[in-house]
Amino acid sequence: MPNCSDTAMISSSVLLDGGDEVECSILRFPDLDLKDLLPLTAKSNLKAESDTSVRKKYAFAKKKAFALFVKAKEVPATASCPAAMCRAGLGWKCCRQTFKDLTGIHVHVATQHSSDIQQQTGLILKQLAAEASTSSNPASADEADRLSGPTCNSQELSDRLPDTSHISFDELTSGVGEVLLYYCYREVKDPVRLCAWQKSLCQHLHLTGKVRIASEGINGTVGGSKVATSLYIEAMLSHPLFKTILCREDFKSSAGGAHCFPDLRVGVFEEIVPMGINPNKVSYKETGIHLSPEEFHKEVEKYLSQAPQAQSDTILLDCRNFYESKIGHFQGCLAPDIRKFSYFPNYVDENLELFKNKRVLMYCTGGIRCERGSAYLRTKAACREVYQLKGGIHKYLEEFPDGFYRGKLFVFDQRYTISSNEDVIAECRYCGTLWDQYKLCSSPHCRQLVLTCPSCQAKGFTACCPVCQEKGLKLAPNPSGWMVKEECECTDRRQRVPVKHM
């Protein structure tokens with residue numbers, strides 16, 4: 001059993017009296033006795049017998065989490081929310097809604113994002129516990145500061161933002177735009193501090209997108225004008241945490257802009273790519289061998305020249321989700337039928353014989369899933385060798401637009417796909433016509449991606465399956481606006497691979 005100086009956050013799923021399933025975080029602080037462990041839930045009133053210091057920490061962390069979440073939704077005053085109506089010339093945009101005052105955004109966040117606030121609260125509490133642990137060891141604290149950069153108060157945050165005084169608002173927000181995709185594995189001692197800087201940086205440059213931060217690094221995709229994205233790259237490359245690791249080539253770009261994302265979401269998580277396994281158990285440091293696009297191209301060419309490929313000593317493994325590989329993939333690949341990357345470890349566990357004594361060539365969109373995926377595969381000691389495509393399909397297509405990857409590349413924004421060739425390899429869900437443009441299922445209770453061609457859409461076939469189509473037509477809107485996601489024919493018939501945490 002850990003001693004009193006240990007810091008830990010243990011997540012479990014508990015069902016409260018109200019029937020809501022929430023995450024329960026148990027935290028240990030070095031200044032508390034083990035008997036003072038307290039489950040912290042979104043609906044907990046923190047029982048009177050709980051230790052006062054824990055209650056104060058929780059209240060502080062929850063307020064901070066709430067404030068950070070609201071801050072991330074700030075947008076400049078626009079035509080829909082003019083400066084005269086918006087507080088201090090600012091509005092708030094969340095879930096495709098615009099809010100003109102703090103009361104509105106506060107009510108929205110409190111009612112619609114309680115789980116996000118709870119998760120952020122737990123992470124802040126964990127950070128507080130870690131700081132309390134290092135404060136008693138000056139040498140350890142100095143090392144943490146050295147790795148994480150200087151403390152970022154409001155003034156220092158402002159000082160670390162790029163100078164845009166010489167750039168007009170129009171230059172910064174309009175014109176030709178692009179979407180950046182990048183990641184960097186690197187030990188981060190203070191994820192919350194880095195998160196605050198990232199939010200300020202993106203807001204300062206009027207960028208939208210998603211950025212995940214964890215103690216293992218950062219993973220982001222942001223959109224904006226090319227002027228803004230260029231400044232963003234410069235800021236990242238000059239940051240003390242990344243300037244010796246990141247380089248300009250690590251940023252993948254594609255045509256797009258701020259309109260490709262509904263808003264800006266920056267948060268602290270346990271993993272920068274959700275595989276469902278503690279990074280301390282399966283580390284990015286144990287990754288496979290990186291191959292450049294040119295090296296990977298040669299390996300695929302060699303693999304495809306072998307006949308029959310089923311008897312080859314090599315497996316070309318797509319570690320993305322089924323809806324991604326469905327519209328685009330490398331010829332001759334093995335594409336697991338998984339809906340989430342967190343199912344990938346279980347796919348490997350259930351198919352170890354398939355990988356036994358094989359050379360594995362792995363690929364994904366930008367490379368990040370291969371980092372952890374190849375590390376997990378290597379822990380099983382089944383493969384002879386594990387290789388991965390550096391920079392992912394994104395970088396490969398830059399060098400080989402007409403290479404061995406056929407179809408579209410799925411991206412996690414409102415574009416859904418980007419293309420480098422004219423190939424269409426997927427089909428309409430209803431009539432079988434070649435079609436690869438995803439739309440969301442029209443049934444509010446589902447909202448999965450569906451391939452339905454214009455002709456079928458005109459006939460009213462806009463759901464992901466007949467069952468969903470019929471239910472969507474009959475389903476009356478809930479007065480509260482809440483809609484519970486349900487399993488439909490598409491997912492119900494798919495084997496659900498359970499997520500196991502190591």
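Gly209 has Val222 of strand S9 as its bridge partner. Strand S8 (residues 208–214) and strand S9 (residues 217–225) run antiparallel and are joined by 7 bridges. The model described here is predicted.

**The five-stranded sheet**
- S8 and S9 belong to an open sheet of 5 strands, in the order S10-S7-S9-S8-S11, and the pairing is mixed.
- Strand S10 (252–255) and strand S11 (264–268) are the edge strands; each has a single partner strand, so one side of each has no neighbour in the sheet.
- On average, neighbouring strands of this sheet are turned by 10° against each other, with direction ignored.

**Helices on the sheet**
- Helix H13 (residues 368–379) lies across strand S7 (177–185) and S9. The direction of H13 is at about 25° to S7.
- Helix H14 (residues 392–399) also packs on the sheet, where H14 touches S7 and S10. The direction of H14 makes about 70° with that of S10.

- Strand S13 (residues 314–318) is largely enclosed by the rest of the structure, because 5 of its 5 residues are buried.
- In a regular strand, side chains alternate between the two faces of the sheet.
- In S13, Thr314, Leu316 and Asp318 point one way, while Ile315 and Leu317 point the other way. The residues on both sides, Asp318 among them, are all buried.
- S13 runs parallel to strand S15 (residues 359–363), and 5 bridges join the two.

**Cysteines**
- The count of disulfides in the model is 0.
- Cys184 is in no disulfide, and the nearest cysteine sulfur, that of Cys247, is 9.6 Å away.
- A disulfide requires two cysteine sulfur atoms within 2.5 Å. The sulfur of Cys247 has its closest cysteine sulfur in Cys184, at 9.6 Å, and is therefore too far away for a bond.
- The two residues fall into separate accessibility classes: Cys184 is buried, with a relative accessible area of 3%, whereas Cys247 counts as partly exposed at 31% relative accessibility.

Key
Residues are numbered from 1 along each chain as its sequence is written. This is a predicted model: local features need pLDDT of at least 70, side-chain atom pairs count only at pLDDT 80 or more; totals for chains, interfaces and linings use all residues. Side-chain values use heavy atoms; hydrogens and water are left out. Buried means under 20% relative accessible area, exposed over 50%, partly exposed in between (1.4 Å probe, protein chains only). Two strands pair if DSSP finds at least two bridges between them. Helices (H or I, at least four residues) and strands (E, at least two) are DSSP runs, numbered from the N terminus. Axes are lines fitted to C-alpha atoms, for helices over the stretch in contact, and angles run from 0 to 180 degrees between N-to-C directions. Contact means heavy atoms within 4.5 Å.
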